[in-house]
Amino acid sequence: GQCVTHCPTGALTVRDDTNKVLRALADPDVTTVVQVAPAVRVAWAESFGLDPKTGSVGRMVAALKRVGFDYVFDTNFAADLTIMEEGSEFLERFTHRGKYRWPMFTSCCPGWVRFLKSQYPEYTDCLSTAKSPQQMFGAVAKSYFAAQKGLDPHKVFVVSIMPCSAKKAESELPTMNDACGDPDVDVVLTTREMDRLFRSDCIVPADLGEEKFDSPLGSGTGAAVIFGATGGVMDAALRSAYFLVTGTNPDADAFSAVRGGKPWREATFTIPGAGEVRVAVVSGLANVRALMDAVDAGSVDYDFVEVMACPGGCAGGGGQPIHCNEELAASRGALLWKMDAKSKIRYSHENPDIQALYRTYLKAPLGEKSHHLLHTDHAAWKTPNAK
Ligand code: SF4
């Protein structure tokens with residue numbers, strides 16, 4: 001982040017992929033689809049000096065429409081989908097314990113996945129096979145959505161707006177091209193690149209009205225928006241895992257012990273019918289290394305662990321606006337938790353567009369189509385510096 005953008009000699013520059021997006025926008029044969037990650041919505045407006053009320057999600061959507069995207073969708077949709085797949089995967093592992101190595105780790109942070117594969121490669125099998133929301137979104141856009149609209153998937157161009165520079169490398173992995181052979185995601189822009197795109201188009205967000213995400217990949221629940229904050233993936237996964245086992249919803253705040261506070265947190269919850277689930281949440285690579293060493297030494301024993309490479313999770317990601325000597329991960333994260341608390345729907349399994357996707361296309365979590373489009377083999381690519 002900071003040292004790169006402020007490199008005194010100019011020898012280091014930040015990669016900028018906005019030209020690739022501009023070329024696609026100018027091509028009349030291409031349908032452009034953009035998805036926006038949860039953490040972007042609570043940070044993008046900082047560079048325009050707007051408070052969170054004026055720099056709202058609706059104004060961000062309006063600005064993306066001005067840029068010229070054909071469809072403006074929400075990564076939250078795919079975060080709900082990730083919960084359906086990853087929550088089901090956790091229950092499958094949990095109820096067939098002997099078949100798997102423990103704990104199960106979340107896999108949505110590419111910084112963490114790469115760290116694990118290079119530093120603790122013997123734990124690669126412990127990663128959830130679920131792709132990250134950004135990749136699931138691309139796979140669904142180039143299959144289900146393209147079919148719905150009668151589009152040639154090779155002519156659908158998927159752009160992600162991410163708080164994260166590691167997401168660029170994730171989208172370029174040889175394993176992330178399942179819908180039609182092309183990459184699931186064509187270009188990843190960071191929050192800072194999106195802000196530059198707005199400026200270069202002379203868009204003044206404060207002057208715009210609010211607009212809504214397009215349908216059907218534009219809806220997301222409270223459980224999805226918290227993916228952008230540390231503890232959010234675990235909280236969301238437990239809400240749906242509880243439902244999948246018991247058939248009833250837990251209190252949406254039943255798992256609040258995994259939120260905020262210390263960078264390495266532990267909790268134990270009981271899911272009636274499944275038993276005690278021991279979970280941990282960790283963010284920041286120094287803390288992640290300490291946790292991994294403890295797991296390896298056998299001094300801690302967990303069933304499910306959420307890991308984010310950036311301190312505070314994606315809210316503090318390396319692609320977010322930079323303010324000298326200010327760390328905003330916690331305050332941005334608090335805005336995401338507020339969005340969850342205010343959401344009408346706070347459980348991923350209750351997102352009606354996700355329910356329709358399963359009913360009409362995927363059929364069931366962990367089914368054949370899901371396996372092909374939404375899961376990946378983390379062992380199928382090599383990190384250059386693996387042990
Ligand atoms: Fe990217 Fe950081 Fe979020 Fe990981 S925690 S996905 S590296 S922004």
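The chat below walks through a predicted model, from its overall fold to the surroundings of its ligand.

Reader: Which residues touch the most other members in the largest nonpolar core?

Author: That core has 107 residues, and the ones touching the most other members are Val 34, Val 140, Ala 141 and Val 279. In soluble globular proteins, nonpolar side chains tend to be buried together.

Reader: Let me follow up on Val 279: what is it in contact with, leaving aside neighbours within four places in sequence?

Author: With those neighbours set aside, Val 279 is in contact with Met 234, Val 258, Ala 267, Phe 269, Tyr 302, Asp 303, Phe 304 and Val 305. One of these, Phe 304, is also the bridge partner of Val 279 in S8. Strand S7, residues 275–283, and strand S8, residues 304–308, pair in the parallel sense over 5 bridges.

Reader: What is the strand order in the open sheet there?

Author: The open sheet has 4 strands in the order S3-S8-S7-S6, and its pairing is mixed. Its edge strands are S3 (104–105) and S6 (264–271), each of which pairs on one side only. S6 and S7 run antiparallel and are joined by 8 bridges, with Phe 269 partnered by Val 277 in S7 and Trp 264 standing opposite Val 282 in S7.

Reader: How many residues lie between S6 and S7 in their hairpin?

Author: There are 3 residues between the two strands, and Gly 273 in the turn has a positive phi of about 95°.

Reader: Changing topic, which residues of helix H3 are buried?

Author: In helix H3, residues 57–67, the buried ones are Val 57, Arg 59, Met 60, Val 61, Ala 63, Leu 64 and Val 67. Their cover includes strand S1 (31–36), strand S2 (71–74) and helix H8 (191–200). Gly 68 follows H3 and has a positive phi, near 115°.

Reader: Do S1 and S2 run parallel or antiparallel?

Author: S1 and S2 run parallel, joined by 4 bridges, and Gln 35 stands opposite Phe 73 in S2. From S2, Tyr 71 and Phe 73 point one way while Val 72 and Asp 74 point the other way, and all of them are buried.

Reader: Now the ligand: which residues come nearest?

Author: There are 13 residues around the ligand, and Cys 109, Gly 111, Cys 164, Cys 310 and Gly 317 come nearest. Helix H5 (110–119) and helix H7 (166–171) are the elements that give two or more residues to that shell. By class, the shell has 9 nonpolar, 3 polar and 1 charged residues.

Reader: Staying with helix H7, is Glu 170 buried or exposed?

Author: Glu 170, which is found in helix H7, has 25 other C-beta atoms within 10 Å, so it is buried. Leaving aside neighbours within four places in sequence, Glu 170 is in contact with Pro 110, Ser 132, Gln 135 and Met 176. Glu 170 and Asp 51, by C-alpha atoms, are 32 Å apart in space and 119 residues apart in sequence.

Reader: And why does Lys 117 count as buried?

Author: Lys 117 counts as buried because 20 C-beta neighbours lie inside 10 Å, and the cut-off for a buried residue is 20 or more. Lys 117 lies in helix H5. Its C-alpha atom is separated by 10.0 Å from that of Pro 384, although Lys 117 and Pro 384 are 267 residues apart along the chain.

Definitions and conventions:
Residues are numbered from 1 along each chain as its sequence is written. This is a predicted model: local features need pLDDT of at least 70, side-chain atom pairs count only at pLDDT 80 or more; totals for chains, interfaces and linings use all residues. A residue is near a molecule or strand if its C-beta atom, placed from the backbone, lies within 6 Å of it. Ala, Val, Leu, Ile, Met, Phe, Trp, Tyr, Cys and Pro count as nonpolar, Asp, Glu, Lys and Arg as charged, and the others, Gly among them, as polar. A residue is buried if 20 or more other C-beta atoms lie within 10 Å of its own, exposed if 12 or fewer, and partly exposed in between; C-beta atoms are placed from the backbone. A nonpolar core is a set of buried Ala, Val, Leu, Ile, Met, Phe, Trp, Tyr and Cys residues joined through C-beta atoms within 7 Å. Two residues are in contact if their C-beta atoms, placed from the backbone, lie within 7 Å. Two strands pair if DSSP finds at least two bridges between them.
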